Amino acid sequence: MKRSRVNEILRSGEEFIGSFGYVLPPFANLTPAEMKDRRGEIDSIVLRRLGWDITDYGVGDFDNRGLFLFTARNGDASDLQQGRGMLYAEKIMISRKDQISPMHRHVIKAEDIINRGGGTLCIKLYASAPDGAIDDSADIAVPTDGVIREFGAGEVLSLSPGESVTLMPGVWHEFWGEGSDVLIGEVSTVNDDLTDNIFAEPIDRFSEIEEDEEPYRLLVSDYDKWLS
């Protein structure tokens, strides 16, 4: 993706998030220069990969296959290993109308996916086979706001604003906005986007950035290059 396109998506995303009254934490406003100058005091932000995340999954077609994310808080894998401490994470995301976030599952992370406003959030669901692959014959049951609902393999769960679903590790899912763009909340166990996303097809979690202008904000995928 070109940096100019990323900058454009960030600015429009900020406006969309704000239109629902959701206020981002102060570090969302840090410029790249400020992050470099304050590198020592923002160590937790950098190491826990808090902040902005724009991906087209390496496909180069963000409008049709992509996702806008902001990680507001995140624990550490060592907390999970000890079974105590900060065991949770929180994201706010934007799924555009008809924009697919491709089929994937998580090995460790359980997550609540919440429609915070906008259109309908559509989620296609599959169970995992014993080897972890998609089971295209098994039914699947998921909790939706305290109610267990059952779906056939590949059926679509539709969530209206205010509704949510809990996805446990191993549940295959892809999602998109229907009717209009959707603001999505995610509350989960510790998030590790480097190792805990298993995709059904050979795609990348993060995008390669072509530097055609200065960054408006750094993405979490920029931290190793820009803040090392």
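Which residue in β9 is the bridge partner of leucine 121? I looked this up in the model, which is a predicted one, and found leucine 159.

**Entry: strand β9.** I next examined how β9 is joined to β5. Strand β5 covers residues 111-128 and runs antiparallel to β9, with four bridges between them. I then noted the two faces of β9, which spans residues 156-159. Leu157 and Leu159 make up the covered face, whereas Val156 and Ser158 lie on the uncovered one.

**Entry: largest cavity.** The largest has a volume of about 150 Å³. Its lining consists of 18 residues, of which Leu67, Leu69, His104, His106 and Asn197 are the closest to the centre. I listed the elements that give two or more residues to this lining: β2 (67-74), β3 (88-95), β4 (101-105), β5 and β11 (172-189). The largest share, three residues, is that of β11. Sorted by class, I recorded seven nonpolar, five polar and six charged residues in the lining of the largest cavity.

**Entry: second largest cavity.** I recorded about 50 Å³ of space for the second largest cavity. Its lining is formed by Phe27, Ala28, Leu30, Met35, Ile45, Gly51, Trp52, Phe70, Arg217, Leu218 and Tyr223. By class, I noted nine nonpolar residues, one polar and one charged in this lining.

How values were computed: Residues are numbered from 1 along each chain as its sequence is written. This is a predicted model: local features need pLDDT of at least 70, side-chain atom pairs count only at pLDDT 80 or more; totals for chains, interfaces and linings use all residues. Side-chain values use heavy atoms; hydrogens and water are left out. Buried means under 20% relative accessible area, exposed over 50%, partly exposed in between (1.4 Å probe, protein chains only). Two strands pair if DSSP finds at least two bridges between them. On a 1 Å grid over the protein atoms alone, a cavity is a set of points where a 1.4 Å probe fits but cannot get out, and a pocket is an open set with protein on both sides within 12 Å along at least five of seven lines; lining residues have an atom within 4 Å of a point. Grid points are joined across faces, edges and corners, and a volume is the space filled by probe spheres set on the points. Ala, Val, Leu, Ile, Met, Phe, Trp, Tyr, Cys and Pro count as nonpolar, Asp, Glu, Lys and Arg as charged, and the others, Gly among them, as polar.
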